[in-house]
Amino acid sequence: MPYSPLLVKPMREELTVAGIQELLTAEDVDRWMDESSDGTALLVVNSVCGCAAGMARPGVRAALENGPRPDHVATVFAGQDLEATAAARGKFPDIPPSSPSMAFFKGGELVFFLPRHRIEGRSAEEVASDLTTVFAEHSGVTA
Amino acid sequence: MGTFHHGKHELHGITVVVDTDGPEIWVGRCDDILDDKVILRDADGHRDGDGGHGKQQWVERASKFGVWAKHKRLVVPRARVTSVRRLGEVG
């Protein structure tokens with residue numbers, strides 16, 4: 001059962017205030033994937049989970065602030081926006097669902113995935129470092 | 001926003017590898033570790049040698065992307081458990 005919208009509001013805003021587009025429906029996800037197929041794109045699967053999401057969100061923000069930024073960045077909220085999350089996971093069907101997690105696409109192809117267990121127990125700086133490296137690698141910039 | 005541990009084991013909510021003294025090995029989200037059992041959520045397991053893969057090979061594969069949730073809740077008797085470690089620390 002989804003958490004109260006009031007509870008998750010600040011968790012959504014932690015990403016949206018950083019300019020990350022929120023995808024609320026399956027149509028939003030499909031449209032965003034189509035639009036982002038011309039470049040690099042990061043899709044963040046947000047989550048209430050305090051064990052990992054508490055580090056994932058600031059990690060994403062730090063990576064976007066400090067390194068080369070993907071051409072497109074969006075988020076879906078697992079456990080809240082069920083249809084959008086299912087549609088997003090449908091873009092990488094061979095990977096077991098996990099949240100929070102992050103998928104990085106280049107030219108519409110998945111080239112990097114950061115699952116929840118690679119976020120758990122790590123600092124926001126460590127998460128940001130992983131992302132910054134990937135962003136740089138795929139934008140042709142040295143991290 | 002803090003984690004809702006509710007007095008559970010410090011690994012509550014963390015994805016762990018639970019090895020046993022038998023052929024089974026499990027990966028799942030730790031719910032709790034008690035005197036007599038380890039409780040996992042959204043877990044999957046492997047029997048040593050199945051599909052030609054040993055325990056270590058299976059865990060290394062799981063460490064890349066995670067596991068499919070084949071057991072919503074799984075209880076492993078503590079007496080059978082030889083180790084519990086974070087999946088994120090594998091590989």
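From the N terminus on, the elements of chain A run α-β-α-β-α-β-α-β-β-α. That gives five helices and five strands in chain A, where helices (H or I, at least four residues) and strands (E, at least two) are DSSP runs numbered from the N terminus. Please bear in mind that this is a predicted model, in which local features need pLDDT of at least 70, side-chain atom pairs count only at pLDDT 80 or more, and totals for chains, interfaces and linings use all residues. Residues are numbered from 1 along each chain as its sequence is written, while chains are lettered from A and ligands numbered from 1 in the order in which they are written.

Let me turn to the overall form of chain A. Its C-alpha trace spans about 45 × 30 × 30 Å along the principal axes. Of the 143 residues, 46% count as buried. Here a residue is buried if 20 or more other C-beta atoms lie within 10 Å of its own, exposed if 12 or fewer, and partly exposed in between, with C-beta atoms placed from the backbone. Among contacts in chain A between residues at least 6 apart in sequence, 77% join residues at least 24 apart; two residues are in contact if their C-beta atoms, placed from the backbone, lie within 7 Å.

I begin the details with helix α1 of chain A, residues 5–16. Which of its residues are buried? They are A:M11, A:E14 and A:L15. Seen down the axis of α1(A), these buried residues fall within an arc of 100°, so they line one face of the helix; the arc is that of the directions from the helix axis to the C-beta atoms. Their cover includes β2, α3 (53–66) and β3 (72–77) of chain A. On the other side of α1(A), the exposed residues are A:P5, A:L6, A:K9, A:P10, A:E13 and A:T16.

Helix α2 of chain A, residues 26–35, holds A:W32. Why does A:W32 count as buried? The reason is that A:W32 has 22 C-beta neighbours inside 10 Å. Leaving aside neighbours within four places in sequence, A:W32 is in contact with A:Q21, A:L23, A:H72 and A:A74. A:Q21 is 11 residues from A:W32 along the chain, and their C-alpha atoms are separated by 9.3 Å.

Next, strand β4 of chain A, residues 101–106. Five of its six residues are buried, so β4(A) is largely enclosed by the rest of the structure. Six bridges join β4(A) to strand β2 (residues 40–46) of chain A, and the two run antiparallel; strands pair if DSSP finds at least two bridges between them. A:V45 has A:S101 in β4(A) as its bridge partner. β4(A) also pairs with strand β5 (residues 109–114) of chain A, in the antiparallel sense and over five bridges. There, A:M102 has A:L114 as its bridge partner. The hairpin of β4(A) and β5(A) has two residues between the strands, and A:G107 in that hairpin takes a positive phi near 60°.

We move on to chain B. Five strands form an open sheet there, in the order β4-β3-β2-β1-β5, with antiparallel pairing. β4 (71–77) and β5 (81–86) of chain B stand at the edges, each with a single partner strand, so one side of each is left without a neighbour in the sheet. The twist averages 45° from one strand to the next, with axes being lines fitted to C-alpha atoms, for helices over the stretch in contact, and angles running from 0 to 180 degrees between N-to-C directions. β2(B) and β3(B) pair in the antiparallel sense over eight bridges, and B:C30 has B:L40 in β3(B) as its bridge partner. Helix α1(B) packs on the sheet, touching β1, β2 and β3 of chain B, and its direction makes about 55° with that of β2(B).

In α1(B), residues 55–65, the buried residues are B:W58, B:V59, B:A62 and B:S63. They cover an arc of only 140° around the axis, which puts them on the same side of α1(B). After α1(B) comes B:G66, whose phi is positive, near 100°.

Finally, how many residues of each chain are in contact with the other? The answer is 15 residues of chain A and 14 residues of chain B. The side of chain A that touches chain B has seven nonpolar, five polar and three charged residues. In this scheme Ala, Val, Leu, Ile, Met, Phe, Trp, Tyr, Cys and Pro count as nonpolar, Asp, Glu, Lys and Arg as charged, and the others, Gly among them, as polar.
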